[in-house]
Amino acid sequence: VTGLRGAVRAAAERLGAAGVPSPEADAVALAAHLLRVEPAEVRRRMVLGGDEPEGYAALVAERARRVPLQHLTGRAAFRRLVLEVGPGVFVPRPETECVAGWAVEAASLAAGGGRVPVVVDLCAGSGAIALAVKAEVPAARVHAVEVSDLAHAWAVRNRDRLGLDVDVVLGDAGTALPGLEGRVDVVVSNPPYIPVGAVPLDPEVRDHDPEVALYGGSADGLAVPLAVAARAAVLLRPAGRLVMEHADAQGESLPRALRAAGPWTGVEDRTDLTGRPRAVLATRA
Ligand SMILES: C[S@@+](CC[C@H](N)C(=O)[O-])C[C@H]1O[C@@H](n2cnc3c(N)ncnc32)[C@H](O)[C@@H]1O
């Protein structure tokens, strides 16, 4: 039998030494995962028994190797949902919760007067944004498009487990959803946008997020986002809304490129909760 409090403290020290950014929270989250309890319960329980000390040590060792916390617990919280994630799919990020929120607002506005708004999530990954929109705007008809078969399988699994009626399509965002041209109210996207050649600093990102989820296809990272925006322009009805996440360094370049490419009006950039430029919003002219 091992004292739980001491084990968590030692784990936090080990994770801190390994460069994990939030070592205490991760040490508690791994114990909660092992014991199948909420994190608050970890602080109340006194001991680890049976094979729990070895199980906890193995999880902490993996995290110290910078395996993402969400791959070890198999879960990622996103707005009101808990999504299942693992190898082969991008782990949804807190900053994308803002982006999903702006899509929820746009979909709610489009739902005014009893209309059924059509919402499309291009580059859907785990399905985080599409599923959050459906959960928060149940009246919406939601389509999610993802090119990687591994990520697509995670999105289908999340959709089915959460019981949310979202159309999850395997395909390229650049040619997605023939038949919906000019009929969509909101296109939301968190596309890959890291400049080609840039190497992410965090090992969790560099070694575990799929490359297809990261790189934007050009030196400025904007080739894929602009191809996605071009398809969004075809899918959206006039006055339909685009919400697209970008890197914090792209808060001027992406809006500028959209204004130049057209057919957009009211192109505006928004910051996330940390004050960093995070997404561009625009209206289909
Ligand atoms: C940054 S991740 C975002 C995933 C999810 N929307 C989220 O916010 O967590 C980008 C996703 O786009 C997918 N992707 C990349 N190129 C694509 C394309 N041409 N068409 C559709 N999906 C694409 C990747 O496989 C990856 O799942």
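1. D272 touches E95, C98 and R278, with residues up to four places away in sequence left out of the count; a contact here means heavy atoms within 4.5 Å. The side chains of D272 and R278 are also joined by a polar contact of 3.0 Å. A polar contact is a pair of N or O atoms within 3.5 Å; within protein, one must be able to donate a hydrogen and the other to accept it, and residues adjacent in sequence count only if both atoms are side-chain atoms.

2. The model is predicted: local features need pLDDT of at least 70, side-chain atom pairs count only at pLDDT 80 or more, and totals for chains, interfaces and linings use all residues. Residues are numbered from 1 along each chain as its sequence is written, and side-chain values use heavy atoms, with hydrogens and water left out.

3. D272 counts as buried because its relative accessibility is 9%, the limit for buried being under 20% relative accessible area (1.4 Å probe, protein chains only).

4. Turning to the ligand, C123, E146, D172, A173 and N190 come nearest among the 16 residues around it; a residue is near if one of its heavy atoms lies within 4 Å.

5. One lies 3.0 Å from an N or O atom in the side chain of D172. For V147, a polar backbone atom is 3.2 Å from a ligand nitrogen atom, and for A124 a backbone N or O atom is 3.4 Å from a ligand nitrogen atom.

Key
Buried < 20%, exposed > 50% of the residue type's maximum accessible area, 1.4 Å probe, protein only.
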